[in-house]
Structures are given as C-alpha cells and as structure tokens.
Amino acid sequence: MDAQILPATAERFDDVETMLGPKRGPDAIACWCLTYRLGGRASSRLDAVERRDAVYDLCSQSPSPGILAYLEDEVVGWSSVAPRSQVAELADPKTYPRVDDVEPWSIFCLRTRGGKRRQGIGQQILRGAIDFAWANGAEVIEAYPLDTTEKLAPIFTYPGLRSMFEKEGFTKVADTDSEVGGARRVVMRLESA
C-alpha cells in the first residue's frame, strides 16, 4: 500500500507528536529531532515542554521541518529534512565533510512507527523527503546513512541505511567520523536531474 506523504505542519502537530514525542509520558525527555537540528548542547538544555514547543514553532514555519507518512488516516512515518545550514549538528566539517560550496538539503532522520516496519514504508518516507526537498528549492540533497548490512536495533537506524539511499540514486561522496550503534555513517548525495 502506498503511503500518503504530507508536510509536518502545525495543523498536523498531533501526528508529529505521535511520531516524535515521548512514549513514557508528557514529562519525559524525547529527542523530538532537535538533537541534530539545534545541536546536542542546545537541545539538552530544553525540558520536555520546551522541546515540544520548539518543534511546534518549527511546524508553524514554511517550509515545515519535515514530512509525515500516512497509511489511510494513521500516521506511520516521519522524516526530518532541511537545508544543511539549518542543522547545527552537521556544522562540523571534520565529522560531516563538505563536498563543495553548494548548499545541500539534508535528510537526517527517518522514522517508521513501531508495528509498521519491514513493509517498505521507510523507502516511501525517503522518497517523500526527497520530493519535499526538491519542491522547496534543493539543488542537491545529502544524507548521512549507516554503511552496514548488519541488523541493528530500530533505535539506531534513524539515519537510514546506505542501501535505501542507493535505491533512490544517491551515491557515496565521503566518509564521516560519525557512528551510530557501532555502524559508520557516510555522506551520500543526490544531484538534481
């Protein structure tokens, strides 16, 4: 079944919260995809309410901070996608090398809801993130997926896997100094046609 892909706007914030909010209760700290966007230090200073409010503010802007995927009326996926310059954690060129002077859009988080994995939804979310970036003026799209074929716990696969990006035409352009769950990440790019 094909997922419907929609921008993560303030009007859909309940669904953003379903995908990114804490599962253990409203006062628990969850990433909310802010660790990369704001940087680890800045996001760690935010409490649970401030994190929720920060993401709501992002969803109130245009373009939105990412996309949501739906099967029928149920939200099943999320992707963060934004110009690289708006993603603080990507600012260190030693960790995430810059390839050239073109400002890429970055896909830096892909999430499929528990119970919906292994149905091809992740690939559809990735395609939706690519389409969203092109529609918002991207000249080049970058991603920083895991370069592994090993099975990893879902908590570690938020960057996506290299093979997913290769299916969409991305090519590896650099190694990174970043690892998640013991797997090395690579810089992959997709040029506009």
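The model is a predicted one, and every value given here was computed from it.

**Helix α4 and its surroundings**

Helix α4 runs over residues 48-59, and its 12 residues reach 17 Å from the first C-alpha to the last, which is close to the 16 Å expected at 1.5 Å a residue. Five residues of α4 are named as buried, namely Ala-48, Arg-51, Val-55, Leu-58 and Cys-59. Because these residues cover an arc of only 100° around the axis, they lie on the same side of α4. An α-helix has 3.6 residues a turn, so residues three or four places apart point the same way. The partners against which the buried residues of α4 pack are α1 (13-20), α2 (34-38) and α3 (40-44). At the start of α4, the backbone nitrogen of Val-49 has a side-chain oxygen of Asp-47 within 3.1 Å.

Helix α3 contains Ser-43, which counts as buried because its relative accessibility is 2%. A polar atom of the Ser-43 side chain lies 3.3 Å from the backbone oxygen of Gly-40. When residues up to four places away in sequence are not counted, Ser-43 touches Leu-34, Thr-35, Leu-38 and Arg-51, and Arg-51 is itself one of the buried residues of α4.

**Ser-106 in strand β4**

Strand β4 covers residues 105-112 and includes Ser-106, a residue that counts as buried because its relative accessibility is 0%. Leaving aside neighbours within four places in sequence, the contacts of Ser-106 are Ser-80, Val-81, Ala-82, Arg-84, Leu-90, Glu-142 and Tyr-144. With Tyr-144, the side chain of Ser-106 makes a polar contact of 2.7 Å. Leu-68 stands 38 residues from Ser-106 along the chain, and the C-alpha atoms of these two residues are separated by 16 Å.

**Aromatic pairs**

The structure holds seven aromatic pairs, and two of them are set out below.

| Pair | Distance of ring centres | Angle of planes | Arrangement |
|---|---|---|---|
| Trp-105 and Phe-132 | 6.2 Å | 70° | edge-to-face |
| Phe-165 and Phe-170 | 5.1 Å | 85° | edge-to-face |

Since Trp-105 lies in strand β4 and Phe-132 in helix α5 (residues 121-135), their pair ties together parts that are 27 residues apart in sequence. Trp-105 is buried, with a relative accessible area of 7%, and Phe-132 is buried too, with a relative accessible area of 10%. Phe-165 and Phe-170 are both buried. Elsewhere, Phe-13, Trp-32 and Tyr-56 form one aromatic cluster.

Note on methods:
Residues are numbered from 1 along each chain as its sequence is written. This is a predicted model: local features need pLDDT of at least 70, side-chain atom pairs count only at pLDDT 80 or more; totals for chains, interfaces and linings use all residues. Side-chain values use heavy atoms; hydrogens and water are left out. Helices (H or I, at least four residues) and strands (E, at least two) are DSSP runs, numbered from the N terminus. Buried means under 20% relative accessible area, exposed over 50%, partly exposed in between (1.4 Å probe, protein chains only). Contact means heavy atoms within 4.5 Å. A polar contact is a pair of N or O atoms within 3.5 Å; within protein, one must be able to donate a hydrogen and the other to accept it, and residues adjacent in sequence count only if both atoms are side-chain atoms. The expected span of a helix is 1.5 Å times one less than its number of residues. The arc is that of the directions from the helix axis to the C-beta atoms. Rings of Phe, Tyr and Trp (its six-membered ring) pair if their centres lie within 6.5 Å; planes under 30 degrees apart count as stacked, over 60 as edge-to-face and the rest as tilted.
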